[in-house]
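Please open the structure in your viewer and keep the selection panel at hand. The tour below goes from stop to stop, saying what to select and what is there.

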Amino acid sequence: MRTVTPDPSDFPARIRVATPPHNVRPWPLPVCESTKVDEWRAQLTACADQGECDAREAEIASELEASGTPIWEKDAAGSARVTFISIQDAPHGVALQLNRLTDPIDVSDTVMTRLGGSRVHALTLRVPHDWLGSYLFVPLPEPPTLVLHRGVDLESVRPMMIAAHSDPYAREHIHNKLMTSAESAAPRLAVARAPQAPTTALWRDPAPETHRLDPVNSPANATALPLSVWSHPDADDGSPVVLLTDGEVWRKQQPIAAELSRRVSDGECGPMHVVFLESAGSSQRQLDYAATREESSRLLDSIRAHAADRVGNGQWVVAGQSLGGLFAMLCATRHPDRIAAGVAQSPSLWWPATPPEQHMTGWFEERAATDAGSPILLEGGIFDWLLTARTRDAAALLRAQHALIDYREQPAGHDIAQWQATLPGAITHTITHLAKG
């Protein structure tokens, strides 16, 4: 294969093309009333002075610390009411940051209601009874204004990212991969788990012992990408190999190996090897996962060569989320000789986010041009308004090509809490599908 040396001057444009566009949420936020919030509002409004209000705030804080947050209340069949509560000084209000249920650019309708003259802020939403999501609170640096039809501009949302903080009363917290600044890590995400939501919590398991391989070099810019392998004790040279994008997440932040081992023991699928490909940062993954055909080929060849001595010659599956899910779909489409199947959760099928004059093609055009691609298991969130229609269209195309392993719509947004809950099952289902031929 002829190797094309990437031009570094193209990288900013490529990153822009791999940056998600911003579409206005096409449906209103499902705000509803809460009996508990109504009770607290009445109590705080009735306070005679600031001292009495402060005392009632302290009592509410003690209740939240004892019970944990968010607050769940019954609703109509198939749904539940969830109340997010924040107690803090925030003269311009507190916004709820809930990926793909709230809008990070237009926060005007996700500002929590201040109860009376207190520091207590609340927002109640109606969600499916099996909904699972992660969230942060953002004390606004200035009053919110309505913003329509503007692309995602990280500089404009950076002040909010820096101000975002976790819910101190949340029952569960998980690691947040994003960074708010060069000096500090982002706060932990709080978890909101509806009464009938999946109970899987990969973060409770210890990180597995992995064999560290030599890093592979990015075909785009030669950046070293860490690589490691975990193998089930019963895996052999013929066992399937699962390549996980954003490997740092699935190796140590949401360690998936113990759950996969449990599912193998339960007979869901046979033993496997797992290769963790780490991303080396958000901009780097925009180059590597939204790859050209030659780049994805070179990266796969390099990974397979580095891992060959540890994983044998079994069938390979690529799995990922968001841009990583796009990469899994591109690999299954472009390289069926090397990749037997793909697992894509909330794949970035808006890519390329580019003006028409650049004449770039996306996954749909590539897939429609071939009927030889490998099959794909596809997942999407019903609240992920940027992607829902696209994932349904992708499932329809794959189904027409007899290449859809399964299509699953989850009661979620674009959210790591949901991805970690369903990824183990998606992997084992795909491996079983391949084993059946």
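Begin by selecting helix H2, residues 35-45, together with helix H3, residues 50-67, whose axes in this predicted model come within 10 Å and cross at roughly 155°. Angles over 145 degrees count as roughly antiparallel, and H2 and H3 are therefore roughly antiparallel to each other. To see where the two helices meet, show the side chains of Lys-36, Trp-40, Gln-43 and Leu-44 in H2, and then those of Cys-53, Arg-56, Glu-57, Ile-60, Glu-63 and Leu-64 in H3, which they contact. Sorted by class, this contact of H2 with H3 is made up of 5 nonpolar, 1 polar and 4 charged residues.

H2 lies across E1, E2, E4 and strand E5 (120-128), and runs at about 120° to E1, while H3 lies across E1, E2 and E5, running at about 130° to E2.

Now turn to the sheet itself, which is open, has 4 strands in the order E1-E2-E5-E4, and is paired in the antiparallel sense. At its edges you will find strand E1 (71-74) and strand E4 (113-114), each of which pairs on one side only. In general, the strands of a sheet pair through backbone hydrogen bonds, either parallel or antiparallel. For one example, select E1 with strand E2, residues 79-87, and follow their antiparallel pairing over 4 bridges; within it, Trp-72 has Val-82 in E2 as its bridge partner.

Next, select Leu-125, which lies in strand E5. Is Leu-125 buried or exposed? With a relative accessible area of 0%, Leu-125 is buried, and, leaving aside residues up to four places away in sequence, its contacts include Val-31, Cys-32, Val-82, Phe-84 and Leu-98. Val-31 deserves a distance label, as Leu-125 and Val-31 are 94 residues apart in sequence and 4.5 Å apart in space, taken from C-alpha to C-alpha.

Move on to strand E11, residues 241-244, where both faces are covered. Colour Val-241 and Leu-243 on one side, then Val-242 and Leu-244 on the other, and note that all of these are buried. In a regular strand the side chains alternate between the two faces of the sheet. E11 pairs in the parallel sense with strand E12, residues 273-277, over 4 bridges, and Val-242 has Val-274 in E12 as its bridge partner. E11 also pairs in the parallel sense with strand E13, residues 316-321, over 4 bridges, and here Leu-243 stands opposite Val-318.

The following stop is helix H7, residues 282-289, which is mostly covered, with 6 of its 8 residues buried. Which residues of H7 are buried? They are Gln-284, Arg-285, Gln-286, Leu-287, Asp-288 and Tyr-289, and what covers them includes helix H1 (11-17), strand E10 (224-231), E12, helix H8 (293-311), E13 and helix H9 (323-334).

If you search the model for pairs of cysteine sulfur atoms within 2.5 Å, the count comes to 0 disulfides.

Key
Residues numbered from 1 in each chain as written. Predicted model: local features only at pLDDT ≥ 70, side-chain atom pairs only at ≥ 80, totals over all residues. Heavy atoms only, no water. Axes fitted to C-alpha atoms, helices over the stretch in contact; angles between N-to-C directions. Parallel < 35°, antiparallel > 145°, perpendicular 65-115°, else oblique. Contact = heavy atoms within 4.5 Å. Nonpolar A, V, L, I, M, F, W, Y, C, P; charged D, E, K, R; others polar. Pairing = 2+ DSSP bridges. Buried < 20%, exposed > 50% of the residue type's maximum accessible area, 1.4 Å probe, protein only.
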